[in-house]
Amino acid sequence: MSRIGDAFARLRRRREAALIPFLMAGDPDLPSTLELARAAEKAGADLLELGVPFSDPTADGPVIQRSSEHALRQGASLPRVLELVHEFRRSSELPVVLFGYYNPIFRYGPERFARDARDAGADGCLVVDLPPEDAGELRQWTERAGLDMIFLLAPTTGPQRVRRILSLARGFVYYVSVTGVTGMRSALPEELASSVAAVRQMGRIPVGVGFGISSPAQAAAVAEFADAVIVGSAVMKTVQEHRDDGA
């Protein structure tokens with residue numbers, strides 16, 4: 001079982017949901033991201049989602065877009081993100097999921113990426129613009145490397161496709177709480193709990209919920225019915241607000 005599987009099994013025994021913060025590697029810079037990752041673990045994170053910056057982040061809202069642009073200006077790249085994971089792994093067993101887009105992976109080479117990500121200490125990857133139907137080239141290498149490949153589910157995903165995605169996903173599935181891009185929302189959909197419950201009944205893989213969670217109260221509410229709460233824009237908004245003060 002992977003570190004991701006171990007983490008969810010441990011939390012399931014305690015009847016707790018996982019807290020998964022998102023950090024964009026390179027915002028405010030790569031050394032600071034390493035320190036933020038360590039701080040997130042110390043503060044109670046159960047897994048870490050680490051963004052690989054990309055110039056055309058189509059699924060991301062304004063906060064994550066700004067983080068990605070800033071990180072690229074700081075020289076962040078897929079190879080340097082893997083170096084960061086390797087350094088983090090020297091002192092931590094916290095599961096790490098690489099979050100990004102397929103173009104950098106394609107240019108790097110899918111087989112090489114899966115091997116190097118595993119060797120660096122990553123545990124999974126979520127490639128936002130690579131639906132399961134098109135993921136075979138990468139998935140063959142992630143399976144061999146023991147790297148969990150995580151897929152997205154949307155509120156508009158039909159039952160047949162949900163079952164198909166659940167059969168292919170490893171580690172957990174990422175349920176997008178709202179249609180549209182990432183970003184903080186003042187309220188989450190009323191039907192979110194029932195939608196997640198329906199997905200959980202279709203398979204045994206954990207279901208994490210993200211996109212739009214912007215307050216402790218929202219996170220606590222989602223933790224009542226999901227296996228994981230994923231918080232990205234709210235975290236990176238705080239990082240952006242404190243770029244210049246060393247916090």
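Here are some notes on the predicted model above, point by point.

1. Ground rules. This is a predicted model, where local features need pLDDT of at least 70 and side-chain atom pairs count only at pLDDT 80 or more, while totals for chains, interfaces and linings use all residues. Numbering starts from 1 along each chain as its sequence is written, and side-chain values use heavy atoms, with hydrogens and water left out.

2. Start with H2 and H4. Helix H2 covers residues 30-42 and helix H4 residues 78-89; they pack at about 40°, with axes 10 Å apart. Helices (H or I, at least four residues) and strands (E, at least two) are DSSP runs, numbered from the N terminus. Axes here are lines fitted to C-alpha atoms, for helices over the stretch in contact, and angles run from 0 to 180 degrees between N-to-C directions. H2 and H4 are therefore oblique to each other; angles under 35 degrees count as roughly parallel, over 145 as roughly antiparallel, 65 to 115 as roughly perpendicular and the rest as oblique. H2 crosses H4 in a right-handed sense, and a crossing gets that label if the near helix is turned clockwise from the far one by less than a right angle, or left-handed if anticlockwise.

3. Who touches whom there? On the H2 side you'll find Leu 30, Thr 33, Leu 34, Ala 37, Arg 38 and Glu 41, and on the H4 side Arg 80, Leu 84, Glu 87 and Phe 88. Contact means heavy atoms within 4.5 Å. Sorted by class, the contact of H2 with H4 has five nonpolar, one polar and four charged residues. For the classes, Ala, Val, Leu, Ile, Met, Phe, Trp, Tyr, Cys and Pro count as nonpolar, Asp, Glu, Lys and Arg as charged, and the others, Gly among them, as polar.

4. Now compare H3 with H11. Their axes come within 9 Å and cross at roughly 50°, so H3 and H11 are oblique to each other. The crossing of H3 and H11 is left-handed. Val 63, Ile 64, Arg 66 and Ser 67 of H3 make the contact with Ser 233, Met 236, Lys 237 and Gln 240 of H11. The class count for H3 with H11 is three nonpolar, three polar and two charged residues.

5. Val 235 sits in helix H11 (residues 233-241) and is partly exposed, with a relative accessible area of 22%. The cut-offs are under 20% relative accessible area for buried, over 50% for exposed and in between for partly exposed (1.4 Å probe, protein chains only). Leaving aside neighbours within four places in sequence, Val 235 is in contact with Pro 21, Phe 22 and Leu 23. Val 235 and Met 24 are 211 residues apart along the chain, yet their C-alpha atoms are separated by 9.6 Å.

6. His 70 belongs to helix H3 (residues 62-73) and is buried, at 12% relative accessible area. Not counting residues up to four places away in sequence, His 70 touches Gly 26, Asp 27, Pro 28 and Arg 243. The peptide bond from Asp 27 to Pro 28 is cis, with omega near 5°. Pro 28 itself lies in the loop between strand E1 (18-24) and H2.

7. Which aromatic pairs stand out? The structure holds five aromatic pairs. In one of them, the rings of Tyr 102 and Phe 106 have centres 6.0 Å apart and planes at 50°, so the pair is tilted. Rings of Phe, Tyr and Trp (its six-membered ring) pair if their centres lie within 6.5 Å; planes under 30 degrees apart count as stacked, over 60 as edge-to-face and the rest as tilted. Tyr 102 and Phe 106 are four residues apart in helix H5 (residues 102-108), so about one helical turn separates them. Tyr 102 counts as buried at 14% relative accessibility.

8. The Tyr 174 and Phe 211 pair has ring centres 5.7 Å apart and planes at 85°, so this pair is edge-to-face. Tyr 174 is in strand E7 (residues 173-176) and Phe 211 in the loop between strand E8 (207-210) and helix H10 (216-223), so the pair ties together parts that are 37 residues apart in sequence. Both Tyr 174 and Phe 211 are buried.

9. Last, Arg 15. Arg 15 lies in the loop between helix H1 (3-14) and E1, and its phi is near 60°, a positive value in a residue other than glycine. Arg 15 counts as exposed, at 82% relative accessibility.
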